[in-house]
Amino acid sequence: MKSLDIHKSEYLKQFETQTYGRNLFRTQEEERLDAPNEECGIFGMYSDNDLDTFSLSQFGLFALQHRGQEACGISVLKDGKITNMKDEGLVLDVYKEIQDPETFMGNSAIGHTRYTTAGDKKKYNFQPFFAKNEYDQIILSIAHNGNLTNARELKTELEAEGVVFRATSDSEVILRLIQKNLDLGLRGAIKATMEKIEGAYSVVGMTRNKFFAFRDFNGIRPLVLGATSENSYVVASESVALDAVGAQYVRDILPGEIVYTNENEPGKLNSYMADEARGKQRICSFEYIYFARPDSSLENINVYEIREKSGEKIWEQAPVEADLVIGVPDSGVPAAIGFSKASGIPFRPVLIKNRYIGRSFIVPTQEMRERVVNLKLNPIISEIKGKRVVIIDDSIVRGTTSKRLVKILKEAGVKEIHFRSVSPPIIAPCYLGIDTPSKDDLISANMSTEELRDYLGVDSLEFLSTDNLKEILGSSNHCFGCFTEEYPVAKGEEIELFS
């Protein structure tokens, strides 16, 4: 048997050249219906010298591809002029559409990779968003990750003042508030905006002579700071984007912090706390369980180590006799390795990925959609037939893909199936930047664990407890809203931003 350290090394190495796929059993449609989905990943860089912003922004956004796979966009600052490009598609596909890379070479760039919610796949909602002056020149551009809970109220207020909205996204509310207050100076405009908006937001942006980034007072969505040299900086949703462009991790942007450049001090990055009394650390706990790439670190906590510990902890919480442990690629594998380490039950990577399959099969029937899953992942039957198997998955949302996984294993001749979820039961939707089904569609909000065990048809079922999750994270200073229905900020109106 390969050592588990070798499995770990092989597992992490693949994501340097291939897109990280969280749960490869989900079809593209089910990624919307049967999974929590991150809204986006953001990336920004600044230097007092010219950079190959075309290539470096591409590398950084590719490293964040798992956070959004529907659209991609960049804004680049060159000689005081901002140029914007955004389109539907994966990062590498969008960059292929750029005919003249020289146009996107400058000293600063911001980028965005987007997960599009249902009914919202309009190009005017792709980011970065930008504002123009009366001469049709872009004067401000931003990329936002998160969700505002008072966006409708602020939009109505701004419209009453004559502001015209171009998109149907809360991110434009942030853009228009900063634009409205630019007479206060950039820092003053951002501070005034932060005093008005509520919810979750990590933002990168630029004007024609400045670069900036800021994060909400609870730090719910991640944002990390790195440097490639003394006067060159990178800001991104995850540290893997820093690695991709050769930047050294410096620290996480603090809750309530604004970092910005000043045209009078080229190369210097300034820091300002918008309101120190309001700053609290409440980063989303699901980032560690599911969203972030396993080779990222958030708030100085390594994501892979958290996932491996979750497997060890759920073994302590719910031991079982079995012949082998398997993890659902990609996100379930570290926990499966941890479970194997703690239990002594061999880990086997028996769900084999097809590394060349795309996302965009168009098939009209449910039967054919299910066959797509078998193209993406195929079990090695000889390894599991007649065996007692522990299957480790990151979470159970609606339960449909979990049920299909059980069906595939039973058809392969597995003797017993023991299902372990390394997240607590998801009982509530998120209002702070994650697209989750409504409570009616969250299976753990409507079934007991025993009822769900019967529904899935497994021999045993256990979820990691919230207390054990807190112990693994080493703190209660996280958002656990989808597990507890208690949020760090009020959830706001449960209505669409735009009718």
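**Close-up 1. C40 sits in strand 2, which spans residues 40–51.** The model shown in this and the following views is predicted. According to UniProt, in an unreviewed entry, C40 carries the feature "active site". The relative accessible area of C40 is 2%, so the residue is buried, the cut-off for that class being under 20%. Apart from residues up to four places away in sequence, C40 touches R67, H112, T113, R114, Y115, H144 and N145.

**Close-up 2. N218 is located in the loop that runs between strand 9 (211–215) and strand 10 (224–229).** Although placed in a loop, N218 counts as buried, because its relative accessibility is 10%. When neighbours within four places in sequence are set aside, the contacts of N218 include P255, P488 and V489. N218 is also in contact with K280, Q281, R282 and I283.

**Close-up 3. Q127 and P128 are joined by a cis peptide bond.** The omega angle of this bond is about 5 degrees. P128 belongs to the loop between strand 5 (106–114) and strand 6 (129–132). For background, most peptide bonds are trans.

**Close-up 4. P329 and D330 are linked through a cis peptide bond.** Here omega is about -5 degrees. D330 lies in the loop between strand 18 (324–327) and helix 11 (333–343).

**Close-up 5. D136 is not a glycine, yet its phi is positive.** The value is about 65 degrees. Most residues other than glycine have a negative phi. D136 occupies the loop between strand 6 and strand 7, the latter covering residues 138–148. With a relative accessible area of 53%, D136 is exposed, since that class begins over 50%.

**Close-up 6. N300 has a positive phi without being a glycine.** Its phi is about 65 degrees. The residue is found in the loop between strand 16 (297–298) and strand 17 (301–302). N300 counts as exposed because its relative accessibility is 63%.

How values were computed. Residues are numbered from 1 along each chain as its sequence is written. This is a predicted model: local features need pLDDT of at least 70, side-chain atom pairs count only at pLDDT 80 or more; totals for chains, interfaces and linings use all residues. Side-chain values use heavy atoms; hydrogens and water are left out. Helices (H or I, at least four residues) and strands (E, at least two) are DSSP runs, numbered from the N terminus. Buried means under 20% relative accessible area, exposed over 50%, partly exposed in between (1.4 Å probe, protein chains only). Contact means heavy atoms within 4.5 Å. UniProt positions are given in the numbering used here, feature names are shortened, and annotations may be inferred rather than shown by experiment.
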